[in-house]
Amino acid sequence: MANKENGIVKEYKIYALTTDPVYIGTGGYTIGRVDNTIVRDPITKVPKIPGSSLAGVWRYYTVLEILSKIKDVKPKREDIKNQHNGTTINEKIKNWINKQNQSGQNNKWDTSKWYFFEGNTLIDLTCAGQDNVPQEELANITATTNEGKTGHCGHCLVCKGFGFSKKDISWQGMIFFSDLNILFFPVFTMYGTKWITTKRKLEELGLNGLTEPTDNKVLTKNGNEGHINLGWLYLEVDSTNKLDTKMESLKTQFKFDNFQLDDTNIIVVPEGLFSQIVNSNLEVRTSVSIDPITGAAKEGALFTSEAIPRGTILYGNVRIFDKSGFNGIDSKLDPLPEASKLECALKESKHFFETLGIGGMTTRGFGRLKVIFGKDLEEKSNPTVESNFQDTQQTTSQGGKQ
Ligand SMILES: [Zn+2]
């Protein structure tokens, strides 16, 4: 297991607020109420966002962010290949960078900035997604498919950070993503929207000593609601055990721009009911297939899709391995990026989740998320690397819920 104290692996909590319904399909059909089902935990049956989806999308967004920052300086892959001084790719890259920085132009390759990691001289959009040329050797940096498509470069911060595989070397990467699991799930009730969670989930946030609800009762902050409906379930509110006052700390922890989770809106439900309540309150949309020839609705082509609803808060973690943990590994991988650079890469690219989203049907109003890092990361963030984080947790609570 990762240990965030040992200096080789840093583990960060991440939280995500869905600002659209999120659909990550299972890619198949199951028999039941819904045609297009979403990915679920195999044991609890609670929907989740798989770590592999998160990693794939974040990889793409990191490439976009780097390209946007270096576009005025970045050479073509051929420019590196054609450097005459230097036999290895690394020597050629260094040679190009030296020339660029001595040329008297304004566009310097400033390696003190994370996005000017030296291997990023080779980065391209095709460093994200599936590698088009996985059967080529790592040194063949200008390899293309018959159609002229390039592949993973194997040298940039993204390829080294997220992994790549070539004919002569496979690299698992330095950044690992857990699944994003549901932490607070919004349910419409007679008292407005409430967010359900469980004792175990709150304990994972570090809130210990909470009471487990019994007899299918639920816990609220005030405990005086009598009964409450969670979707179609009608449950008794425990009037003797109320939510702990420690819950107030959640107010500052879960602040996503103009959304703040208020402890008066949290309901702790019995562990065994959580999955049932979530699954009966998912967003279900009905669509119709359009015949591409006639442009009209196909007969009998009505289908339904389910999604994690807007306003859901998910949590997971990211582990970043420091390059010191790979000392003596294949010299083809030198140099590896520092963990602090990978950290900046994730933090500065995550804004794309807010506009481009994750999962399927993102062109139809699905998939947008707001991702924040837990306090650990914000405190440890490295200010020497040019950064501007808008979503750092507030330490003062002003104005309460918005
Ligand atoms: Zn690359």
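Where does Asn-216 lie? You'll find Asn-216 in the loop between helix H5 (199-204) and strand E10 (227-230); helices (H or I, at least four residues) and strands (E, at least two) are DSSP runs, numbered from the N terminus. This is a predicted model, where local features need pLDDT of at least 70, side-chain atom pairs count only at pLDDT 80 or more, and totals for chains, interfaces and linings use all residues. Residues are numbered from 1 along each chain as its sequence is written, and side-chain values use heavy atoms, with hydrogens and water left out.

- Asn-216 isn't a glycine, yet its phi is positive, at about 55 degrees.
- With 45% relative accessibility, Asn-216 is partly exposed (buried is under 20% relative accessible area, exposed over 50%, partly exposed in between; 1.4 Å probe, protein chains only).
- Asp-257, also not a glycine, has a positive phi of about 50 degrees, and it sits in the loop between strand E12 (255-256) and strand E13 (259-260).
- Asp-257 is partly exposed too, at 41% relative accessible area.
- Going from Asp-334 to Pro-335, the peptide bond is cis, with omega near -10 degrees.
- Look for Pro-335 in the loop between strand E17 (313-321) and helix H8 (339-349).

**Lining by class**
- The largest pocket is lined by 4 nonpolar, 4 polar and 5 charged residues (nonpolar: Ala, Val, Leu, Ile, Met, Phe, Trp, Tyr, Cys and Pro; charged: Asp, Glu, Lys and Arg; polar: the others, Gly among them).
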